[in-house]
Amino acid sequence: MAAVRVTTASLPLPSAAFAFGPALRLSDRRPLRAAVSAFCSGRDNSPPASPLRQQLVLYTKPGCCLCEGLKEKLHAALSLGGSHSLHSVQLQVRDISGNAEWERMYQYEIPVLTKVLPDGSEETLPRLSPRLGVELILKKIAAALEL
């Protein structure tokens, strides 16, 4: 019995396979084959993913001098450069008086600083005193965010 060798180039493709676009020529299939080959071999030729922007949330309320002091120092810390730069961190300030759930949770704890996790939940960070210097706040936040 003679052995028959069949290659993908010699197989006819069903016309239904091209219902959503024009038929592929053999030369058009080569990049696809290279991608499949790279995937099967474990190589990844895709460009690296862009880093996700870290988010911090500061819960405050109007008339809170501790909140105002910490907010000012956080803005200053986020604008500093250096080895612990926080330029990739976004700060969101939330007024608890506009949300009953936040007010119930944080009314006696403000200012409260949380970091937003990849799944959208929040993790409360250790309390930062507004009396701390900007550089120390910068280092503490960088350590909490593992930057």
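1. In this predicted model, Thr114 has Thr124 of β4 as its bridge partner. The pairing to which these residues belong, between β3 and strand β4 (residues 122-124), is antiparallel and consists of three bridges.

2. The hairpin formed by β3 and β4 has five residues between its strands. Within this hairpin, Gly120 adopts a positive phi near 95°.

3. β3 also pairs with β1, again in an antiparallel sense, through four bridges. In this pairing Leu56 is found opposite Lys115 of β3.

4. Helix α2 may be checked first for its length. Its 15 residues should span 21 Å at 1.5 Å a residue, and the C-alpha atoms at its ends lie 22 Å apart, in agreement with that expectation. The residues of α2 that are buried are Cys67, Leu70, Leu74, Ala77 and Leu78. Around the helix axis they cover an arc of only 95°, so they sit on the same side of α2.

5. Which residues are exposed on the other side of α2? They are Cys65, Glu72 and Ser79. The buried residues of α2, by contrast, are covered by elements that include β1, β2, β3 and α4.

6. Buried in α4 are Ile137, Leu138, Ile141, Ala142 and Leu145. Viewed down the axis of α4, these buried residues fall within an arc of 130°, and therefore they line one face of the helix.

7. Glu135 and Ala143 are exposed on the face of α4 turned away from its buried side. The cover over the buried residues of α4 includes β1 (54-60), α2 (65-79), β2 (89-95) and β3 (112-116). After α4 comes Glu146, which has a positive phi near 60°.

8. Taken together, the points on the two helices refer to each other: α4 is among the elements covering the buried residues of α2, and α2 is among those covering the buried residues of α4. β3, which pairs with β1 and with β4, is included in the cover of α2 and in that of α4.

Conventions:
Residues numbered from 1 in each chain as written. Predicted model: local features only at pLDDT ≥ 70, side-chain atom pairs only at ≥ 80, totals over all residues. Heavy atoms only, no water. Buried < 20%, exposed > 50% of the residue type's maximum accessible area, 1.4 Å probe, protein only. Arc of directions from axis to C-beta. Contact = heavy atoms within 4.5 Å. Pairing = 2+ DSSP bridges. Expected span 1.5 Å × (residues − 1).
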